[in-house]
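Dear colleague,

I am handing over the structure we spoke about, with sequence and coordinates below.

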Amino acid sequence: MARKGFEQWLDTPVPDVAEAIENPEQMYTGWFWDGKSPEGDWHLERADKTVRTLFAEQVDEGRGAVILRHRDDALEAYLFHWGFDRWSVHMALLALAAAGPHSAHDANDHALFWAETSGSLCPPEWNGRLACLAINRTGARFTGRLDLTGVIAALRPAEAAFFSLIERLHAEEQTQGPHLSPRDPEFVDPAVLNRP
């Protein structure tokens with residue numbers, strides 16, 4: 001994703017699921033929650049949110065930890081929520097689905113959804129993942145199990161940044177100083193927080 005595409009994506013309205021994901025009812029098919037229906041989970045109040053306002057609010061309100069940056073001509077996202085925050089998880093998936101048209105290549109990119117209290121990615125063969133969204137320039141769809149070796153390898157730098165952010169947040173809590181780390185450009189691209 002070129003820088004221009006990244007900034008255009010930030011200003012994209014978070015789409016309705018019918019516009020963004022081809023098969024939302026198959027979100028969990030083939031994964032740990034196989035057979036669970038996510039149908040009611042997609043009825044979301046979007047309140048005219050853009051990708052930028054969605055993630056900027058998550059950074060400002062501290063409802064988890066956000067790594068969202070444009071690095072080496074790619075979008076990197078690593079989002080951690082405290083507990084199963086259904087609205088935030090599904091809104092993030094819709095926002096990431098909306099990144100497809102801004103991609104610089106035709107191949108699939110992937111967004112993973114998993115539950116792991118440590119926040120770690122876990123190995124590619126781990127059986128605890130909940131969903132995988134394949135995203136390309138023409139659309140997005142949930143896919144069943146696939147070899148995630150390359151996907152996990154590509155996400156490792158964002159995972160490392162996540163754990164660095166957690167360490168910094170812990171240090172800030174110990175000193176009771178201001179929590180500046182969530183807004184650090186090492187973790188969140190300044191354009192995300194540059195709201196009109």
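Which residue of strand 4 stands opposite histidine 110? Alanine 134 does, where strands (E, at least two residues) and helices (H or I, at least four residues) are DSSP runs numbered from the N terminus. Before going further, please note that this is a predicted model, in which local features need pLDDT of at least 70 and side-chain atom pairs count only at pLDDT 80 or more, while totals for chains, interfaces and linings use all residues. Residues are numbered from 1 along each chain as its sequence is written, and side-chain values use heavy atoms, with hydrogens and water left out.

Contact means heavy atoms within 4.5 Å.

Strand 4 and strand 5 pair over 4 bridges and form a hairpin with 2 residues between them. Alanine 134 also stands opposite arginine 141 in strand 5. Arg141 belongs, with Gly139, to the uncovered face of strand 5, whereas Ala140 and Phe142 form the covered one.

The helices

In helix 1 (residues 3–10), the buried residues are Gly5, Phe6, Trp9 and Leu10, with buried meaning under 20% relative accessible area, exposed over 50% and partly exposed in between (1.4 Å probe, protein chains only). They lie on the same side of helix 1, because they cover an arc of only 140 degrees around the axis, taken from the directions from the helix axis to the C-beta atoms. Among the elements that cover them are helix 3 (51–61) and helix 4 (86–97).

The axes of helix 3 and helix 4 come within 10 Å and cross at roughly 145 degrees. This contact is made by Val51, Leu54, Phe55 and Gln58 of helix 3 and by Trp87, Ser88, Met91, Ala92 and Ala95 of helix 4. Phenylalanine 55 touches Trp9, Leu68, Leu79, Ala92, Ala95 and Val192, leaving aside residues up to four places away in sequence.

The loops

Glutamate 116 and cysteine 122 are both worth a look. Glutamate 116 lies in the loop between strand 3 and strand 4, is partly exposed at a relative accessible area of 26%, and touches Phe80, Cys122 and Trp126, again not counting residues up to four places away in sequence. Cysteine 122 lies in the loop between strand 3 and strand 4 and counts as buried at 13% relative accessibility; its phi is near 70 degrees, a positive value in a residue other than glycine. Aspartate 73, in the loop between strand 1 and strand 2, has a positive phi near 55 degrees and is exposed, with a relative accessible area of 56%.

Best regards

Key: Pairing = 2+ DSSP bridges. Axes fitted to C-alpha atoms, helices over the stretch in contact; angles between N-to-C directions.
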